[in-house]
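Please look over the sequence and the model before turning to the points below.

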Amino acid sequence: MSVHNEEIAAAFDEMADLLAIQGGNPFRIRAYQQAAQVVRGLPHELSGMTGPDEYQELPGIGADLAGKIAELVRTGELRALAQLRRQVPAGLRELLALPGLGPVRVRALRSGLRIRNGADLKRALAAGRLARLRGFGPALEARLRVALAGAGERAAKRPLRTVAAQFAEPLRAYLKSVPGVSEVEIAGSYRRGRDTVGDLDVLVGARTAAATLKALRAYSDLRTLTAAGTTKATGVLRNGMQVDIRVVAPQSFGAALHYFTGSRDHNIHMRRRAQELGCKLSEYGLFRGGKRVAGASEVQLLEALGLRWIAPELREDRGEIEAAEAGALPELIERADLEGDLHVHTDASDGRDTLAAMVEAARQHGLRYVAITDHAQHLGIVHGLDAARLARQADAIDALNEQLDDIVVLKGAEVDILEDGRLALPDAVLARLDVAVIAIHGHFDKSEAEQTARVLRALERPYVSILAHPSGRLLGERAPCALDFERIIAAARARGCCLEVNGQPNRLDLDDLHVKAARDAGVLLSLASDSHSAEQFAYLDCAVLQARRGWARRQDVLNTRPLAELRTLLGAARR
DNA sequence: GCCGTTTTCGGCCCGACTGTTTTCAGTCG
């Protein structure tokens with residue numbers, strides 16, 4: 001396997017951009033964009049499928065695109081794209097990313113001023129040449145100057161959802177207190193539970209919009225207001241996040257909430273569905289012949305479209321609409337389903353709090369069991385436990401369990417996968433643990449073949465229960481390791497080993513697509529906080545959200561099981 | 001370029017806002 005879905009999706013996105021710059025058929029362009037999204041959302045690699053016939057079964061992939069996928073899988077290249085690249089200067093594509101520049105204006109820049117890239121545009125702006133072009137005025141010029149000046153530092157990271165929450169929740173509370181406001185929801189990717197959130201889509205239910213928009217202007221965390229109309233406004237918060245606020249009347253609130261929750265592809269699919277039913281769907285409601293037939297609530301809206309309730313976490317147009325129609329949506333796991341947490345650190349390794357404090361925190365978070373999984377000693381792991389300290393911790397756990405009657409402490413360790421795939425503790429030591437969690441903590445940049453072989457070798461060891469944060473990614477900091485997840489999942493399945501959904505907000509690893517793939521393959525998931533201090537058990541919520549995005553049900557998760565069943569399952573994994 | 005219990009041709013999601021216009025195109029979400 002060489003070509004990944006992401007590369008195929010990127011090729012289609014580039015095709016779409018280049019065709020747009022050339023002034024191609026907008027619907028053809030849209031077809032490429034949609035295909036890119038479909039490919040991105042697949043839970044398995046296209047290169048592992050049999051070929052064009054199977055590709056064509058995917059929505060939005062017809063004979064032509066199936067052929068192009070086949071070409072990419074076979075050769076890693078796409079001739080049609082290479083040809084377009086020869087026709088369109090590479091620098092023009094960057095211009096599309098500038099605010100206010102779409103394909104039409106980029107084309108005008110090219111044909112009218114011979115502009116080929118950002119540097120050309122800068123020069124043209126400096127010389128005041130843009131004014132000659134139709135469609136370019138002083139306001140747009142000013143916007144472009146600002147954007148080009150900040151282009152160097154523009155790589156602003158998408159904030160983690162937990163960071164976005166620190167700004168979203170106070171804003172929600174503030175708007176809720178505005179007179180006349182009946183409802184406030186943070187919609188968009190925030191509501192869908194994505195790991196990172198680009199901007200805040202805030203929906204306000206109120207009979208009139210004026211009071212809300214006035215209140216927004218006065219909000220202390222607002223840095224600037226960049227646009228404001230009669231029903232919506234856009235601003236930038238002090239942390240640099242963009243916030244889009246929209247005010248709708250109560251009878252439209254459900255339709256608007258659905259619309260602003262998205263995703264974009266989910267919305268488009270739903271609007272097509274409405275059309276097929278002879279209706280029109282907008283943020284104001286579902287209309288049949290100009291008459292509103294639904295709109296006040298999402299439930300009512302979905303019902304009118306012949307669909308069961310679709311949880312926001314599923315709205316990515318990855319088959320949830322078809323499943324809702326068939327009544328085949330999964331009943332998603334909830335936080336209350338969790339009985340325990342199988343990945344927790346104490347001050348014995350790199351955690352902040354004592355064993356007793358962590359167990360007490362687990363108890364207060366409603367858990368019935370908790371596995372203490374401090375790092376095993378290994379080069380590069382600070383304060384890791386060796387066999388002797390692990391044995392002493394085991395004694396302390398035994399003593400603690402004597403005193404506790406409503407929670408059970410399990411003995412575990414987080415064992416490093418060494419560079420060659422061996423483990424940092426010998427089998428004899430692992431054999432005495434209740435839970436052995438293994439993970440990669442270094443050598444992240446190996447080739448896919450090497451990295452996969454390394455993890456597969458570790459998974460072959462006996463007494464291994466859970467592969468923790470499998471991809472090793474750190475959001476915004478470190479890309480996921482190159483791993484053949486289909487083989488990892490197959491190995492985990494064959495062996496009865498679980499894959500972790502790590503709830504640390506900057507990990508959320510497995511990601512949603514791999515959760516789905518693991519779940520579909522029948523691999524049990526371990527939803528873990530990976531707590532390094534008492535308050536971090538709250539990160540179980542993040543793990544649950546991520547698991548829900550991957551369609552996980554209660555029965556797909558190891559630590560929803562009562563202790564006795566958990567022990568049986570862990571025992572089975574030791575073979 | 002895709003797609004079809006309306007269609008194999010003729011459609012393709014919908015609306016707000018801005019800026020550049022002098023009635024609306026382009027961009028954005």
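The model is predicted. Chain A has 575 residues, of which 53% count as buried. Around DNA strand B there are 46 residues, and helix H14 (264–276) supplies the largest share of that surface.

**Overall fold of chain A**

- The secondary structure of chain A consists of 24 helices and 15 strands.
- Chain A has a radius of gyration of 26 Å, close to the 25 Å given by the globule rule for 575 residues, so it is as compact as a globular protein of that length.
- The C-alpha trace of chain A spans about 80 × 60 × 50 Å along its principal axes.
- Among the contacts in chain A with a separation of 6 or more, 67% are between residues 24 or more positions apart.

**Surface near DNA strand B**

- Gly62, Gly102, Gly137, Tyr259 and Arg271 come nearest of the 46 residues around DNA strand B.
- By residue class, the surface near DNA strand B divides into 23 nonpolar, 12 polar and 11 charged residues.
- Several elements each supply at least two residues of this surface, including helix H2 (26–40), helix H4 (63–75), helix H7 (103–113) and helix H9 (138–149).
- Strand E3 and strand E6 (280–282) also each supply at least two residues, while H14 contributes 5 residues, the largest share.

**Contacts with the DNA backbone**

- Sugar or phosphate accounts for 75% of the atoms of DNA strand B within 4 Å of the protein, and the rest belong to bases.
- A polar backbone atom of Gly62 is 2.6 Å from a phosphate oxygen of DNA strand B.
- For Gly102, a backbone N or O atom lies 2.5 Å from a phosphate oxygen of DNA strand B.
- Gly137 has a polar backbone atom 2.5 Å from a phosphate oxygen of DNA strand B.

- Helix H12 comprises residues 210–217, and its residues Thr212, Leu213, Ala215 and Leu216 are buried.
- Viewed down the axis of H12, these buried residues fall within an arc of 160°, so they line one face of the helix.
- The face of H12 turned away from the buried side carries the exposed residues Ala210, Lys214 and Arg217.
- The buried residues of H12 pack against helix H10 (161–176) and against strands E1 (181–186), E2 (199–206), E3 (222–228), E4 (232–237) and E5 (242–248).

Note on methods
Residues numbered from 1 in each chain as written. Chains lettered and ligands numbered in written order. Predicted model: local features only at pLDDT ≥ 70, side-chain atom pairs only at ≥ 80, totals over all residues. Heavy atoms only, no water. Buried < 20%, exposed > 50% of the residue type's maximum accessible area, 1.4 Å probe, protein only. Helix = DSSP H or I, 4+ residues; strand = E, 2+ residues; numbered from the N terminus. Arc of directions from axis to C-beta. Contact = heavy atoms within 4.5 Å. Near = heavy atom within 4 Å. Polar contact = N/O pair within 3.5 Å; in protein donor to acceptor, adjacent residues only side chain to side chain. Nonpolar A, V, L, I, M, F, W, Y, C, P; charged D, E, K, R; others polar. Rg over C-alpha atoms; globule rule 2.2 N^0.38 Å.
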